[in-house]
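Opening the notebook on this one.

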Amino acid sequence: MSASDGSSVNEEGGAIGVYRRLANLFVQLTSICNSAGTIWVFGLMFLICADIIARAGFSAPIRGVTELVGYSLIGAVFLQLAHSLHVGRFSRAEMYIEPLTKKRPITAQLFHMIFSAGGVFVFGLIAFGTISKFEEAWPDLKFGVEGDFTILVWPLRLIILIGATMVAVKYLSLLIDHAIELRQAIKRRQAQDNKEPLGLYHLLIMVGLFAGGWYVANGDFSRVEIGLFSLAGMLVVIFMGIHIGIGLILLGFAGIWMMMGTPKIAINTVKLASNEFLRSFFFGVIPLFVLMGLVINESDVGGDTFKVARWALRKIKGGLGVATVLANAIFAAITGSSIASAAVFTKIAAPHMIRHGYTPTFAVGTVAGSSVLGMLIPPSLLLIIYGFVAEQSVGLLFLAAVIPGIILAFAMGISIIAMAYFWPSYVGQPDDSEEVDLKVGEALQMVLPIIILVAAVLGGIYGGFFTPVEAGAVGAAGALIIALVKRRLTWPKLWKVLLETGHTTVSVLFLILAANIYGKMLALSGLPQFASSSIGGAEVSFFWFMVFYIVLVIILGMFLDSVSIMLIVLPLVLPIVLSFGGDLIWFGIVTVIAVEMGLLTPPLGIAVYVVRSTITDASITLNQIFRGAFPYVVIMLAVTILLIAFPQLSLALLN
Amino acid sequence: MSPSPANAADFKLTASSSHPPVVPWVKTIQDHVVPESVKRAKALGHNIEWTEAYAGALYNFQNTLEGIGDGLGDVGWVGTLWEPNKLPLQNVTFVMPFVTGNVKLAADIQNALHRDVPEMKQAFLDNNQVYLGPQTIDDYVLILKEPIDSVEDMKGKKIYAPGASAAWLEGTGAIGVNGGLPVYYNGIQTGVTEGAVVPVTGIVPFKLHEVAPYIVNVGMGGGMTGALTMNKDTFDDLPPELQKMFMELGQEYGELVAQRVAGFNKASLTKLLPAGGATIIELPMEERKKWADGLPDLAGAWAERMKEKGLPGDKVIKAYMDGVRAGGETPIRNWDK
Ligand code: NA
Ligand code: NA
């Protein structure tokens, strides 16, 4: 190495060193804001519970709780966004960009830089739009009604402004990080004798995208055509690996600009949505149910449930497999997320099954497969999100999912017994003779926490005592009490759970916001009406439409996470379903189970990834888990078809 | 001179609203303003092409004023009732309940106010839009899960009362929760509230009587709840003859909405609601008076607040009450006396 090389590295190191120190300081700042937002949301739980007690016990409801919850949520979301981005919680499709980063690092870093620039643009736009919203609110604009309950608007607008700016800065920092990596990758390549290919032709996708955008913007296209182009562009953009929320907002923004011929309305759409859309009491349901599920995970209720299920099924061939399904089904009644179920039962059930002679493939596959019950049996994060998008009652959706959830659990259990008899090469030669010596009373006592929580949460909703949001608060408080009574919760654990709640909530709500902006573009384009009328004109039957829809969802499910799929597809599809006279509650149940197949299918199968990252046995491969879970995908497809053929299965409980 | 189609100006406009076109004030945009504007513009040698985005496709009920002001929609219905802070004078009837349920009369008064009180017109201009026409509502009633037969029965109940109407519950012991028609069904069903203050015409389209089957008329009356407006930039870009045309359409809109609201009010109370299993309760006049007289001086306090903002609240109150009495109605409470 020559002397001049060395000095240039030192100079670089100096500049980069300063940048790194600044970036670290900034991350600490985002972390502080994140903690503030976390505590804020936790406080909501107490506020809502206090309101319920004041209302039920003293006939003196607290004024303004509904308004305060909406106000708080949007504030907390913007406080936590930057840190969520920092810890990598913005979802993206990794199928293209991840391998590219390994094989063609130089090109991939250029992609990453462009993606990050997109993030800077989107959040810069939100911050820019919020300036005028802040000016409008300053100094005394209020929400609410004088004499009843009012709250000043400008502090909220200021938080949104600061939060959005922090995310823009974080994206800028990511842009610089990738520029540094690009430089290092170029250096590495220069040092190679046999230079690796650059792969710059990959950038043709990007060039094509921009050229296509230019062509559409300058051509004379109808709004429907622009909507179609944006739909195609969205698929390309998202599959390249940009953060999905950023991609949706960029395309929504570009589409509205092209249709209106001026950026003003597009800017105003982004501004209005980011300042107002999330300000709704009903979104409070997300953090509260997530919190409830995470707290209950800490209290080892999953382990107790599995023990009781083993005891109940001890005389059945394949009993341990069925017990995993049963425990999952029971556990599902108190958790809203399949990720939680997969993590819990990977630790508890998988090693146990392997010890008793089940093949590892079957054991891990069963854990991954049965975890989907977590988001079908209520409460369910996916049903909640569907409820927002389709404007359907979350309470009714939960009720409608009960029978389909039980059917799916039964189908899985019976299939396991059948496979244990007829497909031993998959299941193994299990010895289910272990002794779990429980008395009925003991067993009941072990599942008592679940019974209490289910009674409080679902009983509360259907008894008309409180709303789903309030049920979430009661459930989270109940889970906290159970964990405290069982002495499972320490302060560090609680803090970890709260941070995780915040990150999950923020990533979901940001996606919902992005999809809302994208959905406005679609509404403006008239594409949904055009699609319904052309499908009507082509005399496609509802059945074939549903077949097409399920296939589409399964394909998207291979590459995208469940929430993203629903938010991308539903704005386009719901008007079509309505034009066929389809029931939106039923459609929600079918959608959730179809979307959940994606949890188990390669290359991106979240449940499978969770099992892999939780399991201690390093010899079990990702492929093995995908193979083991595949029979469950088939079972889910069969149940989906059953639900399509017999809508009464979903709707019977509603009547 | 009549311009040939070739050099006729093209106008691409968006009609929008937070509510679906099942309510008269949106339906009238869809089936009168939009088609009539196309027809009449054509006669004037212009070509208007509409995009229609109702039912909250572009903005929700909390943002109707921003929606038109920001240009998300060019022409739309603005719910003045949700903007007590930005459109204070337009909310005068919310501090004057128990006055009249005569929709047509209220619409005429609303027009007169926007003509005679410059501050009212200016409030819309300040929000980057132009007032085209009035939208008034029929009697507000209570819809409840459980029946009541006196004012006392309201104590401790949580009730959806949009915007300023929360104050109408003052003195009854009930608590107002903010909201809009699209969220009432779920909210009442799931227990956010035990009922709502709604105009009669809002009940059937949203099937609210399914969840709150007791319809109690307490004599609250109606008033001004909205307006048809046009984005100011859009309006300024129109040639004078089209500006005039939209002004006229705004007046027709107001009349047609009033006619439809009144007709639908009657049909709801006499046919649709009883057939849907709802029970209609008329609170006796002495209870109505008790409720009305039990309210604090809402109008007086409001006029004071307007004065602090430099707005002629008392003038608007007087003009409205005079208009009502001149129209032959007998208010349960005279707020200017
Ligand atoms: Na669940
Ligand atoms: Na997948």
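I started with helix α3 (residues 103-116) of chain B, which lies across β4 and β10 (223-231) of chain B. Against β4(B), I get a direction of about 155 degrees for α3(B). I'm keeping in mind that this is a predicted model.

**The five-stranded sheet**

Next I looked up the sheet that β4(B) and β10(B) belong to. The strand order is β2-β1-β3-β10-β4 in chain B, an open sheet of five strands with mixed pairing. Its edges are β2 (47-53) and β4 (129-137) of chain B, each pairing on one side only. From one strand to the next I read an average twist of 25 degrees.

In which sense do β1(B) and β3(B) pair? They are parallel: β1 (residues 10-16) and β3 (residues 75-78) of chain B share two bridges. I checked Ser16(B) too, and its bridge partner in β3(B) is Gly76(B).

**The six-stranded sheet**

Chain B has another open sheet with mixed pairing, this one of six strands in the order β7-β6-β8-β5-β9-β11. Here the edge strands are β7 (175-177) and β11 (279-282) of chain B, and each has pairing on one side only. The twist averages 30 degrees from one strand to the next.

I zoomed in on β9 (residues 214-217) of chain B, which runs parallel to β11(B) and is joined to it by four bridges. Along that pairing, Asn217(B) sits opposite Glu282(B) of β11(B).

**Where A meets B**

Then I turned to the interface. Chain A puts 39 residues into the contact and chain B puts in 35 residues. Between them the two chains bury about 3,200 Å², with 51% of that on carbon and sulfur atoms.

How many salt bridges are there between chain A and chain B? I find five. For polar contacts across this interface, the tally is seven residue pairs, both residues at pLDDT 80 or more. On the chain A side, the elements giving two or more residues are α1 (3-58), α2 (65-86), α4 (105-137), β1, α9 (263-277) and α20 (491-525). The most comes from α9(A), with seven residues.

Another one pairs the side chains of Lys133(A) and Glu66(B), 3.4 Å from N to O. That pair crosses between chains, going from helix α4 of chain A to helix α2 (residues 64-69) of chain B. Why would such side chains pair up at all? Opposite charges can pair when the charged atoms come close. Over all chains, I have 30 salt bridges in the count.

**A leucine in chain A**

I also picked out Leu399(A), which is in helix α16 (residues 394-422) of chain A. Leaving out residues up to four places away in sequence, Leu399(A) touches Tyr462(A), Leu653(A) and Leu654(A). I compared its position with Leu110(A): 289 residues apart in sequence, and 48 Å apart in space from C-alpha to C-alpha.

**Confidence check**

By element, confidence is lowest in strand β1 (residues 142-145) of chain A, with a mean of 74, and highest in helix α24 (residues 584-597) of chain A, at 96. I flagged residues 1-10 of chain A, where the pLDDT is below 50. Beyond near neighbours in sequence, that stretch has one contact in the model.

Note on methods:
Residues are numbered from 1 along each chain as its sequence is written. Chains are lettered from A and ligands numbered from 1 in the order in which they are written. This is a predicted model: local features need pLDDT of at least 70, side-chain atom pairs count only at pLDDT 80 or more; totals for chains, interfaces and linings use all residues. Side-chain values use heavy atoms; hydrogens and water are left out. pLDDT is the predictor's confidence in each residue, from 0 to 100. Contact means heavy atoms within 4.5 Å. Two strands pair if DSSP finds at least two bridges between them. Axes are lines fitted to C-alpha atoms, for helices over the stretch in contact, and angles run from 0 to 180 degrees between N-to-C directions. Buried area is the accessible area (1.4 Å probe) that two parts lose on being put together, summed over both. A salt bridge is a side-chain nitrogen of Lys or Arg within 4 Å of a carboxyl oxygen of Asp or Glu. A polar contact is a pair of N or O atoms within 3.5 Å; within protein, one must be able to donate a hydrogen and the other to accept it, and residues adjacent in sequence count only if both atoms are side-chain atoms.
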